[in-house]
Every structure is written in structure tokens, then in C-alpha cells.
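Please look over the sequence and the 3D structure before reading on. The report below starts with the whole chain and then goes into its parts.

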Amino acid sequence: MSQAAIAALADLSGTAFWIARYRALETARRSPLFRDPWAAQLAGERGRAIVEQLPAAKRYTWVFVMRTLILDNMITEQLKTGRFDTVINLASGLDTRAFRLDIPRDVRWFDVDTAQTTEYKRGVLRSVSPHCQWTGIAADLSDKAERQALLTDLSADARKVLVISEGLLLYLSEFQVDALARDLHAQPKVQAWVFDINSRESLTEAQRLWAKPLRSIHAHFQFAPYDGTEFFAASGWRQAEHTSIVGEALRLKRLPLGMRGMLRLAKWIAPSRYEGAFDSGIARLERQRTADVSMARPRPDADAGRPPAR
């Protein structure tokens, strides 16, 4: 692991530059699956250095491109229904969906992240007009009281709220994810929640590749529940939709050749592993009527500190 990569990451905000660089690389392709005209400027030299220096970061570009594309499509489809008038994008990083997607003009869109990230993005996009009513919000999502107050405030004038948390849950423990799920469910106007969820196998691979640089910024890949989205049932959520990253990459002919070969082999000699390869993806949850308080996960000693917020 080069010191240059660790220096480029610097802190957890570096992951936002990392992901913006992937969007820039896709935008520069001859026939991109999506376009983000501001990704290259947002990622800057920092984002380029992270992708160049981190082990295997370039090799996994397709994963983050698929993640972005699936989320784009899922969010757009939900907003087209006219059901939601408010979007709360938690740990939004350098996301530009409010500026580049076809979103109804009257939708209120709140990008929530740290003050540093929010101010940086606001500065880069200062001359760009959003497609909807966009607001950048600086907040510490790891502070439970602040998070709960923010959700109450942003939901107050809403009819129905769609929440997005791209690239956030992976950094949290099961206790922290459960707490966030219950905070969201406590807001009656929050009707749906869209996020990426990883399989145990993909978590293990990500930890193998990137545990060391993440440790240098006091971050860890953690969340990949054995029961998938069933994990959220006790906190009042049920799965309404799931799109596999591997499945979508296969459909769009973006899965690397080596992985295609491994999948074909696994299909014949290890069917359970083949099926598991499709577990990582984008989920949309819908609220159920009640959460089961008795099923709340106890806080382990390892979670005594505050979780990172990307």
C-alpha cells in the first residue's frame, strides 16, 4: 500500500472523491451508461490519485458504475410516480443526482453530509442550476440526537419522503444500521429507503483489498447481514425491490471476462456460490406499520464510539 494512496484518502471524506472519480471515468467513455458532467472536477486530483494508487481500485470500476446506474434508475422511477415530494440523501458525498437526473421540478432534494464536503460541493456547483429544489445540508449523522432532529425537520413540510443512503451502510455496524433504520421509521412521512447492500462474500473481498488504507483513516467495512434485507424487518421495513449489481453488469455486458468465466464454472460446481454472487445490489425498502422494539439489537462494546459518516 503506497503512502500516496493513504495521503489521498486522508479521512473518510476521501471516499466521496474516490466514487466521483469512477463517475468521471464512466462519463469519459465513448458510450457511457450515464453522464456526470461535474464528476471530473469534483473528484479532482485527489480522486484520480486514490483510484490510481489503491490496490485493484481500477479493476472494480464496474461495480461502482453499476451501483450508480442502478440507483439512478431506481430513484428516477420512484420520483416519476409523483408519490414523493421530498428526497433526503444521507451521507451524499459528491453526488450530483439533483443536477443531472430528470427529476420533477417541484421535488425538494436535501443532500446531507459533513460541513467540509457540503461546502466543497456547493463551491464546485455554484454556477450550475439543479433540476429540482436542491439544498445542501451540513450535519453530523453520527450524532443520534442531531440525526433525529434533522430527519424531523426535513420531513416536517413533506408529503412523502424517499431516503437515499448510497455507500453509507457498509461502514456501519449492525447496531448502527439498526439504529438508523429505526430513526427513519420513526418519521411517518419517510415511506421508502433506497441503498446498496453487500453479500458476505463481497464484504470479505472488499476487506481483503482495502482494509489497510481504511484503517489509516479509522474506517472499516462492516455491514453485510447474513439475512440480507430481512435484517430490516424488525425495524419496520420490508423489501419492495432489489437489483443485483452482477446481474445488471451481465445484462449490460459490463462484467469483466474473468468474472464471467468464474460465474459459469460456479454455476456447475458450486450452485450456492453462483446464486450468492447476485446478492450484492441496490434495495428499495418500504415502511411497514410498526417496528418491533423488542428486536432492537443491543449495543456492543465495539460500537462505543461514533460511526463514521461518509
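## The whole protein

Take the contacts in the protein between residues at least 6 apart in sequence: 83% of them join residues at least 24 apart. Keep in mind that this is a predicted model.

The protein has 310 residues, and 55% of them count as buried. Along the principal axes, the C-alpha trace spans about 50 × 50 × 40 Å. A compact globule with 310 residues would have a radius of gyration near 19 Å, and the protein agrees with this, because its own value is 19 Å.

## The sheet

In what order do the strands of the open sheet stand? The order is β3-β2-β1-β4-β5-β7-β6. The sheet has 7 strands, and their pairing is mixed. Two strands stand at the edges: β3, residues 133–138, and β6, residues 237–244. Each has a single partner strand, so one side of each is left without a neighbour in the sheet. From one strand to the next, the twist averages 20 degrees.

Strands of a sheet pair through backbone hydrogen bonds, and the pairing is either parallel or antiparallel. Strand β1 (residues 86–90) pairs with strand β4 (residues 161–165) in the parallel sense, over 4 bridges. In this pair, Thr86 stands opposite Val161 in β4. β1 also pairs with β2 in the parallel sense, over 5 bridges. There, Asn89 stands opposite Asp111 in β2. β2 and β3 run parallel too, joined by 6 bridges. Val112 has Ile137 in β3 as its bridge partner.

## Strand β2

Is β2 enclosed or open to the outside? 6 of its 6 residues are buried, so β2 is largely enclosed by the rest of the structure. Its side chains can be sorted by direction. Arg108, Phe110 and Val112 point one way from β2. Trp109, Asp111 and Asp113 point the other way. All of these residues are buried.

Helix α8 covers residues 174–185. It lies across β1, β4, β5 (190–197), β6 and β7 (281–287). Against β5, α8 runs at about 155 degrees. Phe175 is found in helix α8. Its relative accessible area is 18%, so Phe175 is buried. Phe175 and Ala28 are 147 residues apart along the chain, and their C-alpha atoms are separated by 40 Å.

## The nonpolar cores

In soluble globular proteins, nonpolar side chains tend to be buried together. Which residues have the most contacts inside the largest nonpolar core? They are Trp62, Trp109 and Trp210. This core has 65 residues. Several elements give two or more residues to the core, among them α2 (14–27), α3 (39–53), α5 (97–100), α9 (200–216) and α10 (245–251). Strands β4 and β5 are also on that list, and so is α4 (61–80). The largest share, 11 residues, comes from α4.

A second core is separate and has 31 residues. Leu168, Leu172, Phe195 and Trp237 are included in this second core.

## Two alanines with positive phi

Ala56 is not a glycine, yet it has a positive phi of about 65 degrees. It is found in the loop between α3 and α4. With buried meaning under 20% relative accessible area, Ala56 counts as buried, because its relative accessibility is 19%.

Ala91 also has a positive phi although it is not a glycine, and here the angle is about 55 degrees. Ala91 is found in the loop between β1 and α5. Is Ala91 buried or exposed? Its relative accessibility is 1%, so Ala91 counts as buried.

How values were computed
Residues numbered from 1 in each chain as written. Predicted model: local features only at pLDDT ≥ 70, side-chain atom pairs only at ≥ 80, totals over all residues. Heavy atoms only, no water. Pairing = 2+ DSSP bridges. Axes fitted to C-alpha atoms, helices over the stretch in contact; angles between N-to-C directions. Contact = heavy atoms within 4.5 Å. Buried < 20%, exposed > 50% of the residue type's maximum accessible area, 1.4 Å probe, protein only. Core = buried A, V, L, I, M, F, W, Y, C linked by side-chain atoms within 4.5 Å. Rg over C-alpha atoms; globule rule 2.2 N^0.38 Å.
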